[in-house]
Amino acid sequence: MNKKIVLGALCVLLPRLVAAEGLFDAQEFRLDNGLRVIAIENHRAPIVKQMLWYQAGSTDERIGAGGSAHLLEHLMFRGTKLIPGQTFNTLLEKNGAESNAFTAYDNTVYHQLVDVGRLELAMFLEADRMKNLDIGETDFAAERDIVFQERKERVDNNPSGRFFEAMNRALWQEHPHARPVSGTDEEIKHLTRQDIEDFYKRFYVPNNAILVLSGDIDAVTAKELAQKYYGNLRPAGKKSIRSDFSAPPEDFKATVDMKMPQIRGNRVVKIFVAPSYQKQTEDVYSLMVWAAYLGEGETSKLYKKLVLQDKVALNVSAEFNPLSRSYGTFAISAMPAKGTTPEQLLAKIDQVWNEEMQNFDQKAAEKIKRKMLAGLVYMRDNPEDAAYIVGAMAAAGASLDEIEAYEQNIKAVKDADVRKAAQKLRAHAPQVTGILRPEENTDETNK
Amino acid sequence: MRRTNNQTRRRDVALVLILLAIVGFWGCRSKFYGAYKAEKTIENTILKNRTFNASVEEICSPKLGIKAYLLKDSHNPIVSLNFSFENTGYAYDDAHEQGIAQMAAALLTEGAGKYKAQELKEKMEERAIRVGFAAGKDDFGGSLLTTTDHLQEAAQYLNLMLTEPRFDEADLQRVKAQILDALKRQHERPERELELVFAREMYGAHPYGRNPLGQAADIERVSAADLRRFVKNKFSRGNLLVGLAGDVDAQSGGAFLDKVFAGLPADKVQASIPPAETEFDGRLVQIRRGDGQNMLLAAMPAIGRTHKDFYPLFTANYIWGGAGLNSRLSQRIREQEGLTYGIYSYLSLSDKSPLLIVGFAATADNFEKAKKLLYEETDKFVDEGIDAEETAQAKNYLTASYHLRFASIENIAEILTAMQKYNLGLDFLQKRNDYIAHIKPEDVNRVIKKYFNKQLLTGVELGEFQPAAGERK
């Protein structure tokens with residue numbers, strides 16, 4: 001319902017935006033089959049990053065088939081009817097490509113960094129595996145074992161990985177963010193080839209993907225090549241990419257208090273369900289400003305008050321992530337200093353939030369906005385970073401105009417908007433508070 | 001699938017129709033698909049003849065005579081400076097001051113000259129000037145990123161950090177507490193614990209065996225005066241290597257360097273550590289702890305960057321375990337058997353102990369089998385060697401991926417510093433692919449026989465193990 005307001009604001013701003021320099025000066029077009037293409041020019045080195053963002057991730061899995069999106073991501077490297085077996089990998093290797101992929105809640109992303117002379121090969125191969133994937137039984141079994149090992153490596157070898165999984169379960173309840181992207185151990189073991197094929201057929205179509213080409217390529221050539229390699233892929237009918245999952249109710253508060261034998265010192269984390277580019281979009285830029293002011297870096301208020309002044313924390317930081325098809329998150333993490341309990345630190349964090357919300361005036365707003373906008377030109381340095389940022393924002397539903405107008409959108413934030421957004425989040429957003437402690441409470445830091 | 005002209009396309013269409021009639025749709029499809037030629041795509045690409053202007057010049061600052069490698073790149077109004085003070089890394093810390101290099105690295109950005117920590121950070125943030133320091137094993141490194149608008153202020157702030165760091169007591173105590181905490185938390189994650197024990201096992205009392213963060217008791221003792229002495233004794237123009245990249249030329253770059261490094265003593269710091277003596281007897285020391293997986297980290301002796309065997313050995317490692325999914329170890333242990341998410345190897349080029357390192361993680365039920373296959377593949381590598389095609393494939397990758405390293409200006413500046421450290425020459429960036437091109441399969445096979453030997457693979461394994469015979473659980 002708030003989309004209209006934002007659209008209205010954009011219309012007013014638009015004439016100004018056209019004249020202003022964008023963040024990347026990228027160009028966007030759509031092929032007839034619905035594939036969205038974004039080209040970002042950067043001619044320093046003769047290299048291009050190709051990223052293909054499918055709008056499908058763990059969020060879109062059948063209940064009980066957790067890990068399908070991720071296992072499919074792995075199997076995409078195991079051959080197609082045209083490029084069988086390991087040929088995909090060996091062809092890219094011979095041609096000096098760095099090729100990889102990742103799976104997230106809302107997206108599965110395939111990417112290659114290549115010498116520009118090999119870009120067409122990478123595009124050919126990426127387009128081919130959108131339609132010709134061939135999953136063999138042996139490959140399926142081996143790859144299911146591999147993703148099981150990956151889960152062990154990423155989550156079970158990392159105590160805070162387990163902690164964050166527990167927090168997400170407690171916070172998100174019925175929402176798909178409650179489930180780990182990798183799937184659980186049991187889910188992975190029980191995945192079938194059919195699960196993977198269903199997911200592939202349903203979601204891996206051009207009208208459900210965004211292609212980003214970033215580097216030594218102009219938009220005209222990017223369009224020509226996108227048409228050449230991806231233009232013949234057939235779109236699928238209207239798919240139901242859901243984003244209407246319900247969040248936990250307003251005022252919902254959960255607590256996770258966990259002990260693990262590996263842990264050597266306490267830590268505390270607070271996560272709020274927050275606005276995103278899709279939900280309550282009017283608060284997105286206000287909360288970016290709030291996160292920067294409150295907890296990004298060592299000149300932020302939380303750091304100043306808790307680490308430098310009161311010496312109750314060793315570290316503290318805040319992070320706002322509005323990149324989601326449904327809800328975003330606003331998170332604060334901290335490590336208590338000697339002599340401070342996790343509970344005391346959590347109370348302090350809340351206190352600083354409250355005080356600073358009231359202190360946040362126009363002067364404070366202008367100062368933090370200046371900092372946020374300093375050095376935007378660095379964004380134009382690395383074509384890999386640019387591809388990632390633009391792709392992630394576009395996949396989360398931001399239009400290219402919105403991505404380009406970051407500077408103007410931050411500048412437009414008023415101090416009153418920030419106070420309001422921060423207050424709304426603190427008072428009403430569903431939230432989880434987590435404490436991770438050593439198993440034996442004998443450590444001196446806990447006294 | 002890509003055809004060069006209409007005539008061949010028509011001919012192929014006719015051929016396809018005949019085949020369709022004979023073998024049916026599926027047979028035809030695989031036949032037709034089998035015709036894809038990647039070389040054609042590359043040969044016919046419209047994105048040809050793009051090059052990177054990799055000309056590096058050596059500049060000399062007018063006042064202090066500081067030499068630096070410069071790569072001018074004016075695509076963005078950005079300047080990246082990378083530098084290192086040789087032989088001042090954590091392995092060179094005084095034996096009773098283990099951790100002081102790391103502390104200095106953390107504290108140099110905490111206020112300098114008249115600017116207290118917060119004031120300095122505010123100033124840098126508002127101007128998007130980014131400075132960082134890191135104490136490596138051998139060298140102490142620093143980097144600066146700035147827009148050209150603020151080049152002068154950037155030089156001034158960095159110069160103050162290098163010559164007049166404040167080390168205010170409150171900052172010192174805070175950073176101490178943070179490092180002491182990090183020291184404890186190293187044991188939270190199995191891979192960190194593995195690395196620490198690995199270093200101790202490989203090097204014993206040699207400084208390379210130290211914890212990179214230092215020793216708790218030493219860290220507690222370090223005072224501001226100690227840190228000032230560290231800076232005064234370790235940072236000089238004599239042990240300085242500098243790489244400069246971005247929108248800056250010889251003249252403005254030279255003036256910038258004079259400003260950044262003004263006040264540093266000219267003399268080279270006299271410091272040395274003995275050669276590392278590791279016994280490579282194939283032992284794997286066990287650490288017992290329960291996490292998700294067991295892990296292995298082991299090494300064989302290797303050679304340094306300037307040794308004549310470097311390029312063939314670099315290639316051999318690439319084929320053995322360096323090539324990601326395509327390496328022999330990955331193919332066998334991950335892709336075929338599904339025993340691990342990743343197995344990797346790399347050449348570690350520390351000054352006193354170049355190593356060929358291999359590592360992997362696997363659940364306890366897969367671990368012994370994966371280890372057995374690692375040994376088997378190593379034996380096979382030595383016994384059978386590699387063929388011309390495998391060498392060509394590796395060389396193709398190493399050559400064709402060459403430009404990827406120029407993706408970021410900071411990376412370019414870092415390469416310029418490394419070129420000087422290893423005496424690779426001003427024209428290295430132009431010549432590097434020729435060095436690769438000259439590698440012959442017989443060179444690679446020679447170094448495989450010379451350096452690879454499973455009986456030398458020495459290191460650490462961590463995880464849950466069956467008790468040895470006679471041992472009580």
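## Salt bridges between the chains

Across the interface of chain B and chain A there are 11 salt bridges, a salt bridge being a side-chain nitrogen of Lys or Arg within 4 Å of a carboxyl oxygen of Asp or Glu. B:R50 forms a salt bridge with A:D216, and their closest N and O atoms sit 3.0 Å apart. Side chains of opposite charge can pair when their charged atoms come close.

This is a predicted model, where local features need pLDDT of at least 70, side-chain atom pairs count only at pLDDT 80 or more, and totals for chains, interfaces and linings use all residues. Residues are numbered from 1 along each chain as its sequence is written, chains are lettered from A and ligands numbered from 1 in the order in which they are written, and side-chain values use heavy atoms, with hydrogens and water left out.

## How the two chains meet

Chain B brings 79 residues to the contact and chain A brings 81, with contact meaning heavy atoms within 4.5 Å. Together they bury about 7,000 Å², 54% of it on carbon and sulfur atoms. Buried area here is the accessible area (1.4 Å probe) that two parts lose on being put together, summed over both. On chain B's side, B:L47, B:Y341 and B:L404 supply 10% of the area it buries against chain A, more than any other three residues.

## A salt bridge within chain A

Looking at the whole structure, you get 72 salt bridges over all chains. One of them joins the side chains of A:E356 and A:K305, at 3.3 Å from N to O. This pair links distant parts of the chain: A:E356 is in helix α12 (residues 342-359) of chain A and A:K305 is in helix α11 (residues 301-309) of chain A, 51 residues apart. Helices (H or I, at least four residues) are DSSP runs, numbered from the N terminus.

## Two helices packing in chain A

Helix α3 (residues 87-94) of chain A and helix α4 (residues 119-131) of chain A have axes that come within 11 Å and cross at roughly 165°. Axes are lines fitted to C-alpha atoms, for helices over the stretch in contact, and angles run from 0 to 180 degrees between N-to-C directions. α3(A) and α4(A) are therefore roughly antiparallel to each other, the word for angles over 145 degrees. The contact is made by A:F88, A:L91 and A:L92 of α3(A), and by A:L121, A:A122, A:L125 and A:R129 of α4(A).

Notes:
Parallel < 35°, antiparallel > 145°, perpendicular 65-115°, else oblique.
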